[in-house]
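My entries follow in the order I looked things up.

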2 protein chains.
Amino acid sequence: MKVAILGYGNLGRGIESAIRQNDDMELVAFFTRRAPETLKTQTAGVPVYSVSDIEKHGDEIDMLFICGGSATDLPKQTPEYAKFCNVIDSFDTHAKIPEHFENVDKAAKENGHIAMISCGWDPGMFSLNRLYANCILPEGNDYTFWGKGVSQGHSDAIRRIDGVKDGKQYTIPVPEALEAVRNGENPTLSTRQKHTRECFVVAEEGADLARIEREIKTMPNYFDEYDTTVHFINEEELKANHSGIPHGGFVFRTGVTGLNKEHKHVIEYSLKLDSNPEFTASVIVAYARAAVRMNKEGQTGCKTVFDVPPAYLSRLDGAELRAHLL
Amino acid sequence: MKVAILGYGNLGRGIESAIRQNDDMELVAFFTRRAPETLKTQTAGVPVYSVSDIEKHGDEIDMLFICGGSATDLPKQTPEYAKFCNVIDSFDTHAKIPEHFENVDKAAKENGHIAMISCGWDPGMFSLNRLYANCILPEGNDYTFWGKGVSQGHSDAIRRIDGVKDGKQYTIPVPEALEAVRNGENPTLSTRQKHTRECFVVAEEGADLARIEREIKTMPNYFDEYDTTVHFINEEELKANHSGIPHGGFVFRTGVTGLNKEHKHVIEYSLKLDSNPEFTASVIVAYARAAVRMNKEGQTGCKTVFDVPPAYLSRLDGAELRAHLL
């Protein structure tokens, strides 16, 4: 399976390293919007091309990993490159998935390719667990918690505040809320009751710390609905203790069965990830395998994790899977 | 979707009640090996037929739920009835799944039906989580824990001991082992280190309790490799506190990513079930929907949870799933 990577940020680098753990895949090209000669990858001997050359190389590629951002990159890139080869992205603007699906589906179908969108862990594995659990327990409640982990969006928001040199924000599930859900209590939880936010901020010399803290805690949409803690630290501390990109979370379904709905059940799925982009990349690489197989069988168009038979993700054949994993 | 139930033990009753939570299914018949008129079901107006009448009614049924035991019933029943209609079973003798698959596949294919085998939570949802997690994290370790829950096989083994009137056995994961796995410590765990066994025993009047306890604790295969606790209680206590059939368990995959395998990840899936048979039934009912759809699309033969695209389990269509669950 010949694969290529477009975009060399955290996700692209995660894909590059995940491919090395899957020896049925060969990385044959990087594509970049920068000047190709400026891109220093970790994989010797694999050419770096300009993004404008994708059309030319489409036929040589079984799967293109599109590692752009959901806000502006993917809505343009995924339908565009689905014309030239099979593609996969991690589009994660939940509200715009239906629109993205339609655009991508059209381009992929017209050109006989598969385009897998919204792959990763949320959307992705979390969505899948919501779906399975909802089908098994039709009468029940869903709960999703995120963290403990770094929110890139919230960290960026902190860094935009006047007087802030750098900062990292952690989203943390409230332990009591997790416990109540896990015990099947079916609590009704406000935004504030589900997660807290913890910020580590490096302020500029002489900045008004009280003002910065106030601006963070009252920031609409990002922080005002949460209990937020702000720690001012120095640059060395930030680098030493907060340079990773951990994340994770929990998906619960609690439901009832029985003629009188007398039996309670709790389904829980959780992730604890040292590296959010590398785990996301690992999910995407597994789905790339599945998508290429589906395309070889004649399927085309836009697909999501909901459409993929689990066996297609594996290098093992059906008999091996049944013997060893069932 | 017209469905029928063969076998009216705990699982059959669970299917009967799960169908009521899925209004796209209509229960049209019960089949039994007993005299049909002796079967008192909970669903008025649904006829009870002899198992020998399945052939006659096969054409009227979209799915037959086969609720027999794995030891002797299912190896005969599933291939036999797959000749007459789509069928689904919960065959759970892991070592014999490949053989069962071959027998069932042949019968189902020759007659244009789908036969879904080994459906439930283990095999079933646990298998599925092992598969997904192995594909995402190719370098890592798998751990499965069962409980806290009632093991029917171990309870039966206790009841076969001389002087035992009744008994229930709980399988319990060792909390320290769970914690070590959850922390990504990748422990090597012996049988004894993973689970303990707790027995509640009603002895016959005047029985030698010390001997019963010794016989339990030293019983080969069932108890000798475990730390086992034995409590002697009276019949009322057993009935009041131990008449349920709870179960559950945990599936973990711990793995590494990164160019230097420097990042650790933990995927955890767990179930906490008030009623083992009702939850198993709920999984089976969801997969019955999927199997009927796959058969309507022209697929035939033996299938497992590995072969089913998750979207097929749901009553919602693709657009609804993408809008609400992705």
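**Entry 1: the interface**

I took contact to mean heavy atoms within 4.5 Å. The model is a predicted one, and I kept that in mind throughout. By that contact rule, 68 residues of chain A touch 68 residues of chain B.

Next I looked up the area. About 6000 Å² is buried between chain A and chain B, and carbon and sulfur atoms give 63% of it. On the chain A side I noted Gln21(A), Arg322(A) and Leu326(A), which lose the most area to chain B. Together they make up 14% of what that side buries.

How many salt bridges did I find between chain A and chain B? The count is zero. For polar contacts between the two chains, I got 29 residue pairs, both residues at pLDDT 80 or more.

I then asked which elements of chain A supply the touching side. Helices H4 (97-110), H5 (125-136), H11 (276-296) and H12 (318-324) each give at least two residues, as do strands E12 (247-257) and E13 (263-273). E13(A) has the largest share, with 11 residues. By residue class, I recorded 34 nonpolar, 19 polar and 15 charged on that side.

**Entry 2: strand to strand across the chains**

I followed E13(A) over to chain B. It is joined to strand E13 (residues 263-273) of chain B by nine bridges, and the two run antiparallel.

**Entry 3: Asn134(B)**

I picked one residue to look at in detail. Asn134(B) belongs to helix H5 (residues 125-136) of chain B. A polar atom of its side chain lies 2.7 Å from the backbone oxygen of Arg130(B). Its side chain also makes a polar contact of 2.9 Å with the side chain of Arg253(B). Which residues does Asn134(B) contact, beyond its neighbours within four places in sequence? I found Leu325(A), Asp142(B) and Arg253(B).

**Entry 4**

I traced an open sheet of four strands, in the order E8-E9-E10-E11 of chain A, with mixed pairing. Why does one side of E8 (149-150) and of E11 (227-232) in chain A lack a neighbour in the sheet? Both stand at the edges with a single partner strand, so one side of each is left without a neighbour there.

Strands E9 (residues 164-173) and E10 (residues 195-203) of chain A pair antiparallel over nine bridges. Val164(A) is opposite Ala203(A) in E10(A). Helix H6 (residues 152-159) of chain A packs on the sheet and touches E8, E9 and E10, at about 145° to E9(A). Helix H9 (residues 209-217) of chain A also packs on the sheet, touching E9, E10 and E11, at about 150° to E11(A).

**Entry 5: the sheet in chain B**

In chain B I again read four strands in an open sheet, E8-E9-E10-E11, with mixed pairing. Its edge strands are E8 (149-150) and E11 (227-232) of chain B. E10 (residues 195-203) and E11 of chain B pair in parallel over six bridges. Thr196(B) stands opposite Asp227(B) in E11(B). Helix H9 (residues 209-217) of chain B lies across E9 (164-173), E10 and E11, at about 150° to E11(B).

Terms used: Residues are numbered from 1 along each chain as its sequence is written. Chains are lettered from A and ligands numbered from 1 in the order in which they are written. This is a predicted model: local features need pLDDT of at least 70, side-chain atom pairs count only at pLDDT 80 or more; totals for chains, interfaces and linings use all residues. Side-chain values use heavy atoms; hydrogens and water are left out. Buried area is the accessible area (1.4 Å probe) that two parts lose on being put together, summed over both. A salt bridge is a side-chain nitrogen of Lys or Arg within 4 Å of a carboxyl oxygen of Asp or Glu. A polar contact is a pair of N or O atoms within 3.5 Å; within protein, one must be able to donate a hydrogen and the other to accept it, and residues adjacent in sequence count only if both atoms are side-chain atoms. Ala, Val, Leu, Ile, Met, Phe, Trp, Tyr, Cys and Pro count as nonpolar, Asp, Glu, Lys and Arg as charged, and the others, Gly among them, as polar. Two strands pair if DSSP finds at least two bridges between them. Axes are lines fitted to C-alpha atoms, for helices over the stretch in contact, and angles run from 0 to 180 degrees between N-to-C directions.
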